[in-house]
Amino acid sequence: MNKTTATLLLTLGLTGCGEEKSNQAVEEKTLFSEQTSAPVAMKVPHKMVMHGHERIDNYYWMRDDERKAPDVIAHLEAENAYTDLVMHHTEELQELLFEEMTGRLEKDKSTVPVYYNGYWYYSRYLPEKEYAIHARRKGTQKAPEEVMLDVNVLAEGHGYFSVGRLAVSPSNQLVAYPEDSVGRRVYTIRFKDLKTGEMLPDKLENASPVAVWANDNQTVFYINKDHQTLLGYQVMRHKLGTPQSEDVVVYEEIDKAFYTWISKSRDGELIRIHHSSTTSSGQSILDANTPLADFTPLYPREEDHEYSALKLGSDFYIMTNWQAENFRLMKVAMDDATDKSNWQEVIPHSSKVLLEDFTLFDHHLAVIERKAGQTGLRIINLENNKDLQVGFNDPVYRLGLSANPNLDSESVRVSYSSLTTPNSVYEAKLDSGELELLKQDKVLGGFDPEHYQSEGILVAARDGVKVPVSLVYRKDKFNKDGSNPLLQYAYGSYGSTVDPWFRSSVVSLLDRGFVFAIAHIRGGQKLGRAWYEDGKMFNKKNTFTDFIDVTKALGKLKYGAPDKIFASGGSAGGLLMGAVVNMEPDLYRGVTAAVPFVDVVTTMLDESIPLTVNEYDEWGNPNNKDSYEYMLSYSPYDQVKAQDYPNMLVTTGLHDSQVQYFEPMKWVAKLRELKTDENQLLFNTNMEAGHGGSSGRFRRYKETALQYAFYLDLLGYKNGETDKKVKQ
């Protein structure tokens, strides 16, 4: 522990804000003992009344929109110092874990080149460098390399740095790139001349991480963000060489329930605005050759109607949930798209198969479908209707479409991974379905996939529903006798499916005897759209009880020792962690919650906070009494009570744009106040990052090493132990 940390722990006094702040600041300053004391936050009662119900929030004062209040920063720094103190004896173990995890990474990694508009595009890393170099080669992959951006150079002097989607002009001469040096997901779009290497003076601030070129090579469309909610709500038109103040608003989203995004059709003919809410979506389109014209709806937005469309020639192919819960695929001529009676069915709806994604080629259609929880690739010949199913061998895996920019391609690229198979890129021949492996991530450090086993099982939830679970373990470290430690992970919201994919970092746990489990609980779409509907709004508690029931089942099935089970989740998965530790705290030896959404009711009542109004259809609108009461009944912050809690490590980022730092900050303070145990409660804030944690490919593993050291330390691992059996 350094001198600054020791001094902070011994001498820091916290002040508060809000009602009676000045008096309580004097009365409730806290001196921290270097040996034993955790930070104790000042209590400043803040009364909130809704639907005749009164709540008192003693830690509401922690909210600071500018993230600069001295008392807030002081408390966060004190929490960080306390975490450093408690975990000080694991520093050698953390460093060992960090070296293991980064040692498995391919140091000079590069992506599979993608051919588009006369160039092969790819990204590569230099050994020991944190950020990518984005480059291209003209015509062939043997042509001289042209470096477009070296993000390592751009990131110099920044604790955090992220580059969004690069957009090369149709002429191939200019590139637009968004950059964020804070982690707040508010970007500045800059422009570079790829022939001269010179930067253009144009600078578009307060933007989303995407820019789209019109075909005149002079007009760029981008999205302006609301300063308060951080929602992208205005589509702007910018002409190169003019100040941003002269940019024109071409579309403004007035409904805060909708997200806004922009893209360009693969044939380069259309610029598209994507409108998306929880329950409806749509597109507006513009001819990319006439950038001064107006956007028009492809099909007007409708309540509870979700659709997305791709262009092929003079037709649109539309994936829609119109009369199709699991979606179906339709075809319509561009000029007739606004009348549903003109839509012709290409792939019908199935109650057993979820249509998840699709892409088009000149003569073929490639589809990602999900059946019985597992995705598959389907290729349909549009001329003779020949239908191919392309299979993969792992028991459980993740499969998705990869970069496919060219309509005239003879193959479709897919990304593939499993719990034992590193991330891979395949091409499947459109005529035959024959697979060719283009690249698989190298995993260094002696990793051998033959040493590991993955499984997919179903376990019964309390209402009889069968919940899928994906598991992986090291064969020579696992005995199905209920003695192994187990880490259970889940997300369970927004219809987001967490398919089993390869995480090289998890190998550090598997090699120490852990079983790693992903619980595919309700709230995702693992078993189709109904699986999502049964885990949101007034069904949200199914998400939590599913997770708990999976934990109990894995113990009974001898995959893990009941006293060595750990749980982990982030963001909405952090809400999951908060709910389950309130409901069944004795199930878990330790819990990690990253950027957790835990103050559900207060946040969803505040329309100034990002991700509030546009998520009413996910969680409910607490301005309505029935939603208020239901959300309050599971909100982790509101349901903290005087009881024993498991050991917990909570992490966040000061600049988080999705879940504000003060949610976990308040939650930890209330847990400290009410919990009746002596278990660890640690809170660590990355003062330079946002929702995704640290930037850079190596640095982020520092946070993972801390989490894994937290688990291992609770099991009695000593520094440097890798092969010894976990202490009983």
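1. A residue is taken as buried when its relative accessible area is under 20%. By that criterion, in this predicted model, 14 of the 17 residues of helix H3 are buried, so the helix is largely enclosed by the rest of the structure.

2. The length of H3, which covers residues 70-86, can be checked against expectation: at 1.5 Å a residue its 17 residues should span 24 Å, and the end C-alpha atoms are 24 Å apart, which agrees.

3. Helix H8 (residues 541-556) packs against helix H9 (residues 572-583) at an angle of about 65°, their axes lying 9 Å apart. Since angles of 65 to 115 degrees count as roughly perpendicular, that makes H8 roughly perpendicular to H9. The crossing of H8 past H9 is right-handed. On the H8 side the contact is made by Thr-543, Phe-544, Thr-545, Phe-547 and Ile-548, and on the H9 side by Leu-575, Leu-576, Met-577, Ala-579, Val-580 and Met-583. As background to reading such lists, an α-helix has 3.6 residues a turn, so residues three or four places apart point the same way.

4. Turning to the strands, E10 (residues 187-193) and E11 (residues 199-213) run antiparallel and are joined by four bridges, with Ile-189 standing opposite Leu-204 of E11. The two strands form a hairpin with five residues between them, and in its turn Gly-197 has a positive phi of about 80°.

5. Strand E11 is also joined by four bridges to E12 (residues 219-225), again in an antiparallel arrangement, and here Trp-213 has Val-220 of E12 as its bridge partner. This hairpin of E11 and E12 likewise has five residues between the strands, and Asn-217 takes a positive phi near 65°.

6. Further along, four strands form an open sheet in the order E23-E24-E25-E26, with antiparallel pairing. Strand E23 (353-360) and strand E26 (387-390) stand at the edges, and each has a single partner strand, so one side of each is left without a neighbour in the sheet. From one strand to the next the twist averages 25°.

7. Which strand is joined to E23 by seven bridges? The partner is E24 (residues 364-371), which runs antiparallel to E23, and within this pair Val-353 stands opposite Lys-371 of E24.

Note on methods
Residues numbered from 1 in each chain as written. Predicted model: local features only at pLDDT ≥ 70, side-chain atom pairs only at ≥ 80, totals over all residues. Heavy atoms only, no water. Pairing = 2+ DSSP bridges. Expected span 1.5 Å × (residues − 1). Buried < 20%, exposed > 50% of the residue type's maximum accessible area, 1.4 Å probe, protein only. Axes fitted to C-alpha atoms, helices over the stretch in contact; angles between N-to-C directions. Parallel < 35°, antiparallel > 145°, perpendicular 65-115°, else oblique. Left-handed = near helix turned anticlockwise from the far one by under 90°. Contact = heavy atoms within 4.5 Å.
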